[in-house]
Amino acid sequence: PRSNGASCSGAGECKSFACKSGKCVNGSHIGGGTCLYDDECASRKCVDGFCTQEADGGVPDSGVSDLDIADQATPDAALPDLATPDMALPDLAAPDMAPPDKAAPDHSAPDLGCLGCGIAFKCIPNGTVNPQDSCYRCDVTKSTSSWTMFDGKGCVFTVAGGSSGHKDGDALQARFGGLAGLHVWSGKLYITTQGGATELKTRVRVLALKTNKVATLAGVGNAGFAEGAALTTAKFKLPTGIVVDSAGIVYVADTSNARIRAIKNGVVATIAGDGKTGTVNGSLLTSNLSMPMGLTIDAAGDLYVTTGGGNVAAQVRKLDMKKGTVSTLYSVSTLNHHFTGIDLDGKGKAYFFHFTAYTTGYRWLRDLDLSTKASAVLAGQKQGCVTGALAAASFTKIYDLAVNSAGDIFMPGHDCYQLLSVSKSKVTAVAGTGKSGSTDGTASKASFGKAASIAVDPATGTAQGAAMVAAS
């Protein structure tokens with residue numbers, strides 16, 4: 001955004017959101033109006049995000065409209081048009097916001113910029129800067145100061161990828177194999193991808209959220225098992241869950257290798273599981289971790305993993321990293337039961353997904369009291385795509401879930417093509433039309449493919465939830 005006096009061709013290019021005769025001029029937001037810059041305010045003072053009630057000279061407005069005070073306080077008499085009848089609208093941005101195809105006020109540019117153009121995208125909450133509660137996205141077909149508006153109360157946008165393959169670099173040009181696991185830590189999105197033995201897609205990747213660059217962290221690409229140098233030797237086989245601890249060590253549920261792997265200082269090593277099918281507890285490296293899938297971590301650095309399915313018991317296991325032991329917290333020994341995604345609420349409970357058989361049967365969201373080891377069904381019944389009351393809701397396969405700071409549970413509905421939110425009383429589809437696709441835009445109109453994983457950013461995960469969803 002440009003300061004007053006700079007040349008301009010539209011209001012969106014100016015900090016004041018006012019462009020007259022090809023020059024940025026003083027704005028006229030009245031006292032109490034939201035702002036980012038002094039130039040937006042009639043008082044010429046933006047304090048803590050709001051225009052002050054005083055003019056430039058420090059004289060309280062005493063009931064006189066801010067537009068009139070602005071004229072009196074403006075030292076440059078060459079701008080008398082600020083008080084003329086054509087400025088009757090108190091919100092100068094309103095005429096620009098009405099047509100969706102015109103450049104909207106560039107409120108989000110100072111925060112996100114137009115990195116890569118098409119990546120930068122921001123929802124402006126209701127009651128703050130934008131009364132229409134709309135979404136703005138950099139328009140790649142226009143200049144970097146041009147933004148496209150989406151009406152609605154939520155935004156879905158592509159941050160990386162677009163087609164299958166393997167390619168690092170700019171996020172929107174990057175390519176991935178089958179997306180499986182996500183985790184946000186310290187401004188980075190960690191990703192596990194899957195592929196066949198010769199597809200070169202089985203890797204651990206990292207997306208830097210500030211620079212929008214994708215890099216490979218570990219895996220030579222072809223599926224298998226190998227320890228050692230992360231980028232030149234290490235192999236994984238259907239890696240799924242992924243988490244990062246406070247020291248930056250990355251842990252991966254290496255599903256088909258029946259192990260938990262760690263990535264540290266450019267080296268990959270097994271930290272739990274002997275690679276055999278079974279349910280044996282004990283020391284980390286002599287225990288069995290059959291088909292580990294869901295993976296999460298608590299504040300103490302201990303890991304929780306869902307294992308089993310098929311011919312062995314489905315289990316929730318705890319990896320005590322200080323004691324170096326594996327223990328079972330909950331188990332279902334009936335064959336063809338499967339546990340997948342798991343997360344903690346930080347208040348003594350874990351939540352995980354449980355389903356019977358891959359094509360038919362029941363689908364349940366369960367809780368688990370970590371002290372009593374008692375588990376109960378929170379929502380779900382036979383498979384389907386039904387939202388509403390917890391007992392009446394139905395799901396297809398759910399491979400992951402995430403709990404935000406407010407205790408809301410988010411799940412990617414794999415075959416329902418929606419992002420689901422589970423509260424204490426109901427299941428809600430918060431994004432997605434329910435039809436397969438990859439359309440960006442407002443939450444109700446956006447579309448997903450087979451959503452596999454979800455991560456809530458701990459820095460922004462509010463009651464509404466700021467989520468990253470991996471969809472194929």
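**Figure 1. Overview of the predicted chain.** The protein chain exposes about 20200 Å², and carbon and sulfur atoms supply 55% of that area. Accessible areas come from the Shrake-Rupley method with a 1.4 Å probe; for residues, only the protein chains shown count as cover. This is a predicted model: local features need pLDDT of at least 70, side-chain atom pairs count only at pLDDT 80 or more, and totals for chains, interfaces and linings use all residues. Residues are numbered from 1 along each chain as its sequence is written, and side-chain values use heavy atoms, with hydrogens and water left out. The protein chain has three helices and 35 strands. Helices (H or I, at least four residues) and strands (E, at least two) are DSSP runs, numbered from the N terminus. Of the 472 residues, 50% count as buried. Buried means under 20% relative accessible area, exposed over 50%, and partly exposed in between (1.4 Å probe, protein chains only). Among contacts with a separation of 6 or more, 38% come from residues 24 or more positions apart. A contact here means heavy atoms within 4.5 Å.

**Figure 2. The disulfide of Cys 8 and Cys 19.** A search of the whole structure finds three disulfides (pairs of cysteine sulfur atoms within 2.5 Å). A disulfide is a covalent bond between the sulfur atoms of two cysteines. In the pair shown, the sulfur atoms of Cys 8 and Cys 19 are 2.0 Å apart. The torsion about their S-S bond is about 95 degrees, so the disulfide is right-handed. Cys 8 lies in the segment before β1 (19-20) and Cys 19 in strand β1, so the pair ties together parts that are 11 residues apart in sequence. Cys 8 is buried at 12% relative accessibility. Cys 19 is partly exposed at 22%.

**Figure 3. The disulfide of Cys 41 and Cys 51.** The S to S distance is 2.1 Å. The torsion about the S-S bond of Cys 41 and Cys 51 is -80 degrees, and the link is left-handed. Cys 41 sits in the loop between β2 (23-24) and β3 (46-47), and Cys 51 in strand β4 (residues 50-51), so the pair ties together parts that are 10 residues apart in sequence. Both Cys 41 and Cys 51 are buried.

**Figure 4. The disulfide of Cys 385 and Cys 416.** The two sulfur atoms lie 1.9 Å apart. This link is left-handed, with -90 degrees about the S-S bond. The pair links distant parts of the chain, 31 residues apart. Cys 385 is in the loop between β27 (375-379) and β28 (388-389). Cys 416 is in the loop between β30 (409-413) and β31 (418-422). Cys 416 is buried, with a relative accessible area of 6%.

**Figure 5. Positive phi at Ser 21.** Most residues other than glycine have a negative phi. Ser 21 is not a glycine, yet its phi is positive, about 50 degrees. Ser 21 is found in the loop between β1 and β2. The residue is exposed, with a relative accessible area of 80%.

**Figure 6. Positive phi at Ser 186.** Phi of Ser 186 is near 50 degrees, a positive value in a residue other than glycine. Ser 186 is placed in the loop between β10 (178-185) and β11 (188-194). At 57% relative accessibility, Ser 186 counts as exposed.
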